Amino acid sequence: MKLANRVVLVTGAGSVAPGWGIGKACSVTYARAGARVVAVDISAEAARETATIIQAEGGQCMPLQADVADPAAVCAIVDEVRQHWGSINVLHHNVGIGKVGGPTDITFEDWQQVQSVNVDSLFHLSRAVLPDMRRQQHGVILATSSVAGIRYVGYPHLAYSVTKAATIHFIKMLALEHAGQGIRCNSILAGLIDTPRIAQTVARQFADDLDAARAARARQVPMQKMGTAWDIANAALFLSSDEAGYITGTELVIDGGLTAKYA
Ligand SMILES: NC(=O)c1ccc[n+]([C@@H]2O[C@H](COP(=O)([O-])OP(=O)(O)OC[C@H]3O[C@@H](n4cnc5c(N)ncnc54)[C@H](O)[C@@H]3O)[C@@H](O)[C@H]2O)c1
């Protein structure tokens with residue numbers, strides 16, 4: 001029970017389609033480790049589904065609907081958690097959206113939306129949780145970034161990649177600012193992970209042939225397979241727990257050797 005008595009807030013805690021998204025697997029993993037989990041998602045139904053899975057296993061989960069790009073909504077969810085469960089011990093910022101294409105393919109509105117959901121949200125969330133963490137001289141902030149933040153992985157995912165790079169640096173800055181206050185901040189750099197979202201994004205580049213998309217992604221990876229949401233969840237649990245007590249300001253790459261190949 002590595003997270004007993006901890007309140008863990010996960011953003012993007014559902015899945016865009018049936019199956020296991022990263023936030024959903026992380027939420028269930030945190031709950032299995034004894035945490036009280038706040039499952040935040042823009043889709044109330046997706047948040048509820050995660051909560052139902054956790055509650056069916058005897059765990060505790062509060063599903064909350066919110067768009068994390070909206071600062072007022074972020075303040076409201078953090079206030080609600082405070083009223084019911086007290087302060088948040090672990091913030092896992094997992095939301096991430098993308099729009100494939102470069103400056104001549106996507107609109108400025110698309111660009112701004114990706115920035116707002118992926119990065120501005122991290123500003124709103126950390127602004128909301130840091131005061132309590134500082135008071136307690138304890139806390140963890142974890143972000144799901146991507147190897148796309150440090151490498152070109154074969155898709156023209158400009159806005160996504162730029163925001164994932166920004167996330168890594170945001171987290172590093174936060175870590176250094178709070179290193180003396182018991183607050184640890186780290187990024188997970190996920191590689192090519194087999195989650196429901198790839199049916200909606202990557203498969204489009206393969207004429208919506210999901211099997212072809214999955215096979216092509218697997219071939220890119222030295223381990224010859226995509227990762228699963230659980231590969232990320234297991235690492236997220238470690239980084240959120242006191243076992244990782246001396247780890248801050250860094251990135252954990254979980255990619256089956258992908259970035260080593262493109263080093
Ligand atoms: N799947 C991959 O291959 C992969 C690789 C590297 C990094 N990542 C990152 O991992 C994270 C999760 O990816 P996934 O594939 O599991 O995700 P996903 O697409 O299944 O999305 C997770 C959830 O986020 C929610 N969401 C979207 N916008 C939101 C908003 N504005 N506010 C609140 N919730 C919102 C969705 O409703 C969904 O339930 C993302 O940050 C993604 O960039 C994924």
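## Ligand shell

β5 gives the shell around the ligand its largest share, 3 residues. Strand β5 spans 139-146 and helix α5 spans 158-178; each supplies at least two shell residues. Helices (H or I, at least four residues) and strands (E, at least two) are DSSP runs, numbered from the N terminus. In total, 28 residues surround the ligand. Ile22, Asp41, Asn94, Tyr160 and Thr195 are the closest.

By class, the shell holds 12 nonpolar, 11 polar and 5 charged residues. Here Ala, Val, Leu, Ile, Met, Phe, Trp, Tyr, Cys and Pro count as nonpolar; Asp, Glu, Lys and Arg are charged; the others, Gly among them, are polar.

The model is predicted: local features need pLDDT of at least 70, side-chain atom pairs count only at pLDDT 80 or more, and totals for chains, interfaces and linings use all residues. Residues are numbered from 1 along each chain as its sequence is written, and side-chain values use heavy atoms, with hydrogens and water left out.

## Backbone contacts

Val68 places a polar backbone atom 3.1 Å from a ligand nitrogen atom. A backbone N or O atom of Ala66 lies 3.4 Å from a nitrogen atom of the ligand. For Val16, a backbone N or O atom is 3.4 Å from a ligand oxygen atom. Polar contacts here are pairs of N or O atoms within 3.5 Å; within protein, one must be able to donate a hydrogen and the other to accept it, and residues adjacent in sequence count only if both atoms are side-chain atoms.

## Overall fold

The protein chain has 8 helices and 7 strands. Its C-alpha trace spans about 50 × 40 × 35 Å along the principal axes.

Methods. A residue is near a molecule or strand if one of its heavy atoms lies within 4 Å of it.
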